[in-house]
Amino acid sequence: MKKIFLIGYMGCGKSSLGRKLAKAGGMEFMDMDSIIEQREGASISDIFHYQGEEYFRDAERALIEELGTAEGDMVISTGGGAPAWQNNMELMNSLGATIYLRRTAQQIASRLSPHGRQKRPKLRGLNDEELVAFMTTNMAEREPFYSKAKYCVDCAERSDAELIDYILQIVKENE
Ligand code: S3P
């Protein structure tokens, strides 16, 4: 059973790339944020607002354990904050291949639509300047966790198709 965990900052492309990667590799695609939203019957913003971040982080952690030990080959797109909670990186590393999709704050800011900012409680309401400043600081805090990934992939210079080939190749070589 193969499990590929895609990790990285909000807006780096974990979900969109993950869907294509799963298709190319003949694996199932699991988007953790979407699964939690479906199960809770609430948006991530509402979960943060009404239940609190800790509740969300506990749900994320339980889901990592559940998916990581489930039957079948899966590409699992994680939420950007999951690696920085408890020992989730160690947990994911013990359950499968962790791939850090690295992009700079500038690149991510230019990719994020207004809706993309609005639906993320941590980015909501920030103007362009505040967004880059917040992300730069927050990414630096998370980098020590992200960099525990088994593979770190620089995304800037690669198309999605190249990224998919590259990730499938490194995972295969290290099986
Ligand atoms: C978060 C990232 C989001 C989502 C929540 C918190 C974070 O996921 O889990 O808004 O703390 O970085 P994406 O990385 O898919 O945006």
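Which ring does the charged end of Arg 158 sit over? I looked there first. It is the ring of Tyr 166, and the charged end of Arg 158 is 4.2 Å from the centre of that ring. I note that this is a predicted model.

**Entry: aromatic pairs**

Next I looked for rings that pair up. I found 2 aromatic pairs in the structure. One is formed by Phe 48 and Phe 56. Their centres are 5.1 Å apart, the angle between the planes is 45°, and the pair is tilted. I checked burial too: Phe 48 and Phe 56 are both buried.

Tyr 100 and Tyr 146 also pair. Their ring centres lie 5.1 Å apart and their planes meet at 40°, so I wrote this pair down as tilted. The cut-offs explain the word: under 30 degrees would be stacked and over 60 would be edge-to-face, so an angle in between is tilted. Where do Tyr 100 and Tyr 146 lie? Tyr 100 is in strand E4, residues 97–102, and Tyr 146 is in helix H8, residues 128–146. The pair therefore ties together parts that are 46 residues apart in sequence. Both tyrosines are buried.

**Entry: the ligand**

I moved on to the ligand.

I then looked up distances to oxygen atoms of the ligand. Gly 80 has a backbone N or O atom 2.7 Å from one. For Arg 120, an N or O atom of the side chain is 2.5 Å from a ligand oxygen. Arg 142 places a polar side-chain atom 2.6 Å from a ligand oxygen. How much of the ligand does the protein bury? Alone, the ligand exposes 390 Å², and the protein buries 96% of that.

**Entry: Met 10**

I found Met 10 in the loop between strand E1 (3–7) and helix H1 (14–25). Is Met 10 buried or exposed? Its relative accessibility is 11%, so Met 10 counts as buried. The cut-off for buried is under 20%.

I listed what Met 10 touches, leaving out neighbours within four places in sequence. Among its contacts are Gly 80, Arg 120 and Arg 142.

**Entry: helix H5 and Asn 88**

Helix H5 covers residues 88–95. Which of its residues are buried? I noted Asn 88, Met 89, Leu 91, Met 92 and Asn 93. Their cover includes E1, helix H4 (53–68), E4 and H8.

A polar atom of its side chain lies 2.9 Å from the backbone oxygen of Ala 82. Beyond four places in sequence, Asn 88 touches Arg 61, Ile 64, Ala 82 and Pro 83.

**Entry: Arg 117**

Last, I looked up Arg 117 in helix H7, residues 114–118. Is this arginine buried or exposed? Arg 117 is buried, with a relative accessible area of 15%. Leaving aside neighbours within four places in sequence, I found it in contact with residues including Ala 109, Leu 112, Leu 123, Asp 128 and Leu 131.

Technical notes: Residues numbered from 1 in each chain as written. Predicted model: local features only at pLDDT ≥ 70, side-chain atom pairs only at ≥ 80, totals over all residues. Heavy atoms only, no water. Phe/Tyr/Trp six-rings, centres within 6.5 Å; stacked < 30°, edge-to-face > 60°. Buried < 20%, exposed > 50% of the residue type's maximum accessible area, 1.4 Å probe, protein only. Helix = DSSP H or I, 4+ residues; strand = E, 2+ residues; numbered from the N terminus. Lys NZ or Arg CZ within 6 Å of the ring centre and 35° of its normal. Polar contact = N/O pair within 3.5 Å; in protein donor to acceptor, adjacent residues only side chain to side chain. Areas by Shrake-Rupley, 256 points an atom, 1.4 Å probe, with all protein chains shown as cover. Contact = heavy atoms within 4.5 Å.
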